[in-house]
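The notes follow in the order of my checks.

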Amino acid sequence: MVQNVMATAAALLSGAPVFLSGALVATIVTLFIGGLRARRDRKIAWLQDQLRLFYGPISCLTNQNGQLFKLIEKIHDEHQKSFSGQHTDDETRQESLVKMSEHTIGLGNLYADRVAKNNARVIEIIDTHWHLADSADRDILSQFQLEYIRYLTEYKEGGTRGVPMRIVLELGPIFFMRPEMISRVDAAFQEKQRNLHKERTHWW
């Protein structure tokens, strides 16, 4: 009897370390998986903020600008086809041609004004949520900010009035929005959507 009790106690004692080791391994695995999940959740939250507050809204506006640029170019081309070299000795007809030409140019300018309004919204987003921009995108975003400031200063406010033409030309052209800005923002937006989907579909 005593031997049986002793044998049972010995078995329990010998089995206890094995049991504790298993529990310890399970705890480590749980902590590891929990850490991965916490890290994934933080990454998902970061990507969601970037998409919702920064890259999503900017991508919407830059892509709209891209389509507007195509429309403006089409209006310009049609204007050239319809009115370039058109002249008649009929005064009434000539006046009508001039008015139609001006209206066509005016239509293109209306769409250009829409681009300018979109740019103002892009600037507001960049200024408000700069912390959400990837470091790789900051140079091109800063370039856009500079050109928007130049647009306001040199064009809208007439800042170059009285400045020698040589200096104005040295400053270089002002772009409403460079094509590389549109393509870069669109690429970043799509990349972040893919990364978000990837993070959400992890098994842990």
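Predicted model: local features only at pLDDT ≥ 70, side-chain atom pairs only at ≥ 80, totals over all residues.

Entry 1, helix packing. I looked up H2 and H3, which pack at an angle of about 130°, with their axes 11 Å apart. H2 and H3 are therefore oblique to each other. For the handedness, I noted that H2 passes H3 in a left-handed crossing.

Which residues of H2 meet H3? On the H2 side I listed Ala116, Asn119, Ala120, Val122, Ile123, Ile126 and Asp127. On the H3 side I listed Leu141, Phe144, Gln145, Tyr148 and Tyr151. Sorted by class, this contact of H2 with H3 holds nine nonpolar, two polar and one charged residues.

I read off a volume of about 280 Å³ for the largest pocket. Its lining has 15 residues, and Ile72, Ile105, Gly108, Asn109 and Ala112 are the ones that lie nearest the centre.

Which helices each supply at least two residues of the lining of the largest pocket? I found helix H1 (2–83), helix H2 (91–128) and helix H3 (138–156). H2 gives the largest share of that lining, seven residues. By class, I noted nine nonpolar, five polar and one charged residues in the lining of the largest pocket.

Notes. Residues numbered from 1 in each chain as written. Heavy atoms only, no water. 1 Å grid on protein atoms, 1.4 Å probe; cavity = no way out; pocket = protein on both sides within 12 Å on 5 of 7 lines; lining within 4 Å. Points joined across faces, edges and corners; volume = space filled by probe spheres on them. Helix = DSSP H or I, 4+ residues; strand = E, 2+ residues; numbered from the N terminus. Nonpolar A, V, L, I, M, F, W, Y, C, P; charged D, E, K, R; others polar. Axes fitted to C-alpha atoms, helices over the stretch in contact; angles between N-to-C directions. Parallel < 35°, antiparallel > 145°, perpendicular 65-115°, else oblique. Left-handed = near helix turned anticlockwise from the far one by under 90°. Contact = heavy atoms within 4.5 Å.
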